[in-house]
Amino acid sequence: MNNRIVQCILLSLIIITPLYAQKIIIENEEGEGIRGVLVSSDRNEVSISNAVGVVQLNPEAKSFSFSHVNYEAVEYTNEQLTSVIVLQQKIQSLQEVIVGANKWEEVKSEVPQQILEIQKKEAEFALPQTTADMLGNTGEVFIQKSQMGGGSPMIRGFAANQVLLVVDGVRMNNAIYRSGNLQNSISIDPYSISSAEVIFGPGSVMYGSDALGGVMDFHTTLPEYAEQSKKLFFGDAQLKYASAMNENTANVHFNLASQKLAWTSTVSFSSFDDLKSGGWFPSEDYQFGNKLFLVSTDENGLDQLNTNPNPLRQSPSGYQQLNTLQKVAFKVNDQLELMYTFSFSNTSSIPRYDRLTELNPIMSNGAYKEVTMEDIIEINSTSLITTYGTTTPKFTEWEYGPQYWMMNNIRLIAQQNRSWYDNLSLIVGHQKVKEDRFFRKFNDTKRNESYVSLDLFHLNMDVNKEISKKASLFYGIEGTYNDVQSSAIGKNILTGEVNKALPRYAGGGSQMTTLAGYITGKYKLTNHLVGTAGLRYTETIIKADYTDEASKTLHLPYDQLNTQVGSLTGAIGLAYHPDNWQLNTQFAKGFKAPNIDDIAKVYNPSKDDLVIPNPQLKPTDVYTLDATVIHYFGDKLRVGANAYYSWLTNIMVRGSSTFLGMDSVFIEGDEYAVTSLQNADQARIWGVSAHVFYHFTEYLHLKGTYTYTNGRELITDAPLRHVPPFFGRLTLGYKKQKVHLALVGNYSGGIAYDALAPIEQTKPYLYSKEGALPWWTLGFNSSYRLTNYLECHFTVDNIFDLAYRTYSSGINSPGRNFGIAIKGYF
């Protein structure tokens with residue numbers, strides 16, 4: 001796809017939008033057009049404003065009334081009408097509701113969990129690169145990146161396959177989500193999200209396995225029907241540029257509908273060049289992330305080292321991405337709706353930047369010495385000279401193949417007062433995932449190519465029923481079936497010769513099936529006190545076939561692996577909401593059942609170890625008690641805090657093992673340590689978070705967040721891997737009519753090298769010799785509504801151009817980054 005052509009098309013859409021005829025524009029106090037305003041005339045004529053607030057009125061009518069559920073109603077005579085009508089928002093326009101806690105809309109004050117809400121307008125204001133960045137911009141979710149094309153959320157000391165991604169009620173986590181950092185959140189297009197919620201703490205009762213630290217529940221744009229008119233058409237288009245990675249993004253969205261049939265479409269395309277790091281180093285330690293060398297390969301297959309002319313340019317790290325969301329809804333009647341959803345995301349190959357900075361260890365005084373970029377003192381064409389001797393990069397190539405995710409869903413939504421349900425949602429669908437890996441070691445002519453394809457079929461039925469004015473039930477069933485196919489080859493880059501190689505998973509195929517049922521009850525004990533309690537049972541079945549030719553070369557003691565585990569989980573909570581207070585508490589159990597990546601992976605050549613299956617692996621369980629307190633000091637000040645304590649049992653850790661009595665084996669002449677995932681220690685995680693929101697004036701506000709987490713294994717007292725240092729965000733915002741401005745400060749503490757988790761200390765290429773360094777940045781965000789049809793954004797991130805890297809990440813964050821976007825509405 002030609003990026004310039006896409007930009008020209010979208011720019012044309014933006015330019016021509018003002019040509020639409022208009023009679024009256026209905027705006028809010030921020031200068032934004034209000035869609036869905038009902039305008040009635042004294043001639044009994046009814047009109048509804050379109051997406052940008054435009055409505056056509058009959059000039060012969062003598063008076064008009066304007067009404068909207070979220071705004072104060074007004075009346076005007078024909079003589080009083082002006083070209084722009086401004087409506088004032090109601091102080092209590094609608095009760096604040098959330099969707100994620102029990103999968104249905106509920107009043108937020110009645111939910112015991114700590115929940116973070118993200119609205120589309122707020123998320124777009126900061127011009128996020130990906131959905132991972134959108135989560136990070138909240139200041140309450142920590143984001144790790146192994147490469148620019150990534151973003152692994154950390155929540156309450158959990159990450160990867162111990163936190164859950166959910167899109168429109170369907171889980172994205174599948175059988176090959178690994179325990180290492182996961183970058184799959186970028187498959188969700190931030191431009192297609194209408195709102196999102198982060199549910200902190202165990203969410204296994206409603207969502208099943210993996211919801212140990214929390215659930216990230218994304219709601220994508222819904223089709224909107226034409227209500228009073230025969231047809232409805234509206235949309236928007238946006239162009240965005242960011243300087244630190246030379247980002248070019250184009251997005252277009254539209255909605256076309258009649259009163260019975262509605263279609264919404266979103267398409268986005270982004271192109272990113274290599275990411276440029278900051279150039280300000282508070283001390284020499286901050287220079288550890290500079291990329292000092294580049295690798296090229298000549299026509300004879302020999303790898304050569306070259307000095308990087310710009311050490312701040314993290315090369316290679318660029319990639320491209322295409323996303324689309326298509327939804328078609330059919331309103332059978334007022335109680336029944338059918339909806340088809342197609343979600344698709346595909347990237348170019350994404351360089352695994354952190355592995356491309358890894359150096360081979362050096363033999364020194366009879367032992368191997370790990371060296372990093374900080375130790376390099378000279379570069380020649382064949383080696384890197386360090387203070388401890390000569391070495392080379394470990395890899396010439398390491399990249400993920402195109403990250404491919406496709407989801408097809410059919411959803412039935414019924415809203416009827418039946419004996420066993422008031423609202424019912426039934427979703428059946430399929431997800432297709434492809435995760436390929438390609439790497440070649442320095443001066444090795446063999447390129448390793450690993451191919452993994454997964455088909456995930458899912459069924460979700462969710463029901464709510466109001467038993468009485470005080471009692472409600474939420475219940476449902478879920479079933480998933482994962483089919484994994486895995487293969488690998490070794491390809492000679494000179495001769496083209498191809499040989500079969502050991503696949504990542506069982507070469508004969510692997511399957512994982514889950515069957516689950518849940519029920520949750522909610523009871524209003526008083527007008528201000530609500531109690532909830534729920535249970536869920538999940539059965540997980542895994543099969544793996546090692547009878548393929550490649551797997552047989554390992555001489556495993558079995559041809560097939562079969563395992564089945566059951567998990568019972570529950571939660572009980574209270575929400576107390578008297579005037580000006582919100583007090584919540586919950587005790588919950590979550591679980592992480594072993595998946596195919598945990599239990600049936602057999603080979604990991606890029607890390608020089610052999611992972612053998614462990615059929616005895618048990619689920620990890622977590623028991624969490626938390627409490628939230630929020631106090632409202634009138635309309636100006638809100639202060640809140642949360643504290644929690646989690647106790648984990650049967651945590652899964654990779655440890656040394658033996659194979660046929662040996663702790664290491666030789667494969668194709670290379671020695672590999674034997675490891676397996678094992679249930680080891682118990683652990684505890686505790687933490688606190690706080691937030692404050694203060695209105696200085698009607699237009700000026702201050703918002704701050706702070707999060708601290710502490711997690712350790714109980715027997716060894718070693719720190720846990722996914723526990724970041726303290727972090728937070730401080731925002732000073734100004735919002736009046738068409739102008740929105742904000743100064744944004746982000747900050748994070750550091751962790752000394754010897755205080756890192758033991759597994760992190762084996763990755764010196766991720767950290768300076770002092771460990772994870774503290775950092776803070778200052779940014780500026782702004783938006784201005786030029787006209788009813790046109791909006792501009794301008795941002796500057798990392799104003800002081802700090803060179804910094806977030807904890808556990810393998811690539812530096814962007815340096816000073818200018819962003820500009822123009823958005824047109826039609």
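Reader: Leaving aside its neighbours within four places in sequence, which residues is Asn-614 in contact with?

Author: In this predicted model, Asn-614 is in contact with Ile-599, Leu-677 and Gln-678, once the neighbours within four places in sequence are set aside. The residue itself sits in the loop between strand E44 (609-611) and strand E45 (620-633). Asp-598 is 16 residues away from Asn-614 in sequence, and the two C-alpha atoms are 8.4 Å apart in space.

Reader: Why is Asn-614 called buried?

Author: The word applies to a relative accessible area under 20%, and Asn-614 has a relative accessible area of 16%, so Asn-614 is buried.

Reader: What makes the approach of Leu-677 to the side chain of Asn-614 a polar contact?

Author: A polar atom of the Asn-614 side chain and the backbone oxygen of Leu-677 lie 2.8 Å apart. The cut-off for such a pair is within 3.5 Å, and the pair is therefore counted as a polar contact.

Reader: Where is Ser-809, and why does Ser-809 count as buried?

Author: Ser-809 belongs to the loop between E57 and E58. Its relative accessibility is 1%, and because buried means under 20%, Ser-809 counts as buried. Not counting residues up to four places away in sequence, Ser-809 touches Ile-143, Gln-144, Lys-145 and Leu-766. With Lys-145 there is also a polar approach, in which the backbone nitrogen of Lys-145 lies 2.9 Å from a polar atom of the Ser-809 side chain.

Reader: How do you know that Ser-808 is buried, and which side chain does a polar contact join to that of Ser-808?

Author: Ser-808 also lies in the loop between E57 and E58, and its relative accessible area is 2%, so by the cut-off of under 20% Ser-808 is buried. A polar contact of 3.3 Å joins the side chain of Ser-808 to that of Glu-760, a value that falls within 3.5 Å. Leaving aside neighbours within four places in sequence, Ser-808 is in contact with several residues, among them Gln-144, Met-154, Asn-181 and Tyr-767.

Reader: What is noted about the phi of Asn-798 and of Asp-801?

Author: Most residues other than glycine have a negative phi. Asn-798, although not a glycine, has a positive phi of about 50 degrees, and Asp-801, again not a glycine, has a positive phi of about 60 degrees. The loop between E57 and E58 holds Asn-798 and also Asp-801. Asn-798 has a relative accessible area of 5% and is therefore buried, and Asp-801, with a relative accessible area of 17%, is buried too, because that value is under 20%.

Reader: Why are strand E4 (54-55) and strand E7 (84-86) said to stand at the edges?

Author: They belong to an open sheet of 3 strands with the order E4-E1-E7 and mixed pairing. Each of E4 and E7 has a single partner strand, so one side of each is left without a neighbour in the sheet.

Reader: How do you know that strand E1 (residues 24-27) and E7 pair?

Author: Two strands pair if there are at least two bridges between them; 3 bridges join E1 to E7, so the two count as paired, and they run parallel. One of the positions involved is Ile-25, whose bridge partner in E7 is Val-84.

Reader: Which residues stand opposite Tyr-400?

Author: Ile-350 stands opposite Tyr-400 of strand E33, and Arg-437 in E36 also stands opposite Tyr-400. Strand E27 (residues 350-351) is joined to strand E33 (residues 395-400) by 2 bridges, and these strands run antiparallel. E33 is joined in turn to strand E36 (residues 437-441) by 5 bridges, again antiparallel.

Reader: How many cavities does a search of the whole structure find, and what lines the largest cavity?

Author: The search finds 15 cavities of 30 Å³ or more, and the largest has a volume of about 860 Å³. The lining of the largest cavity consists of 43 residues, with Asp-133, Asn-137, Asn-746, Tyr-804 and Pro-814 nearest its centre. E56 gives the largest share of that lining, 5 residues, and the lining as a whole divides into 19 nonpolar, 18 polar and 6 charged residues.

Notes:
Residues numbered from 1 in each chain as written. Predicted model: local features only at pLDDT ≥ 70, side-chain atom pairs only at ≥ 80, totals over all residues. Heavy atoms only, no water. 1 Å grid on protein atoms, 1.4 Å probe; cavity = no way out; pocket = protein on both sides within 12 Å on 5 of 7 lines; lining within 4 Å. Points joined across faces, edges and corners; volume = space filled by probe spheres on them. Helix = DSSP H or I, 4+ residues; strand = E, 2+ residues; numbered from the N terminus. Nonpolar A, V, L, I, M, F, W, Y, C, P; charged D, E, K, R; others polar. Buried < 20%, exposed > 50% of the residue type's maximum accessible area, 1.4 Å probe, protein only. Contact = heavy atoms within 4.5 Å. Polar contact = N/O pair within 3.5 Å; in protein donor to acceptor, adjacent residues only side chain to side chain.
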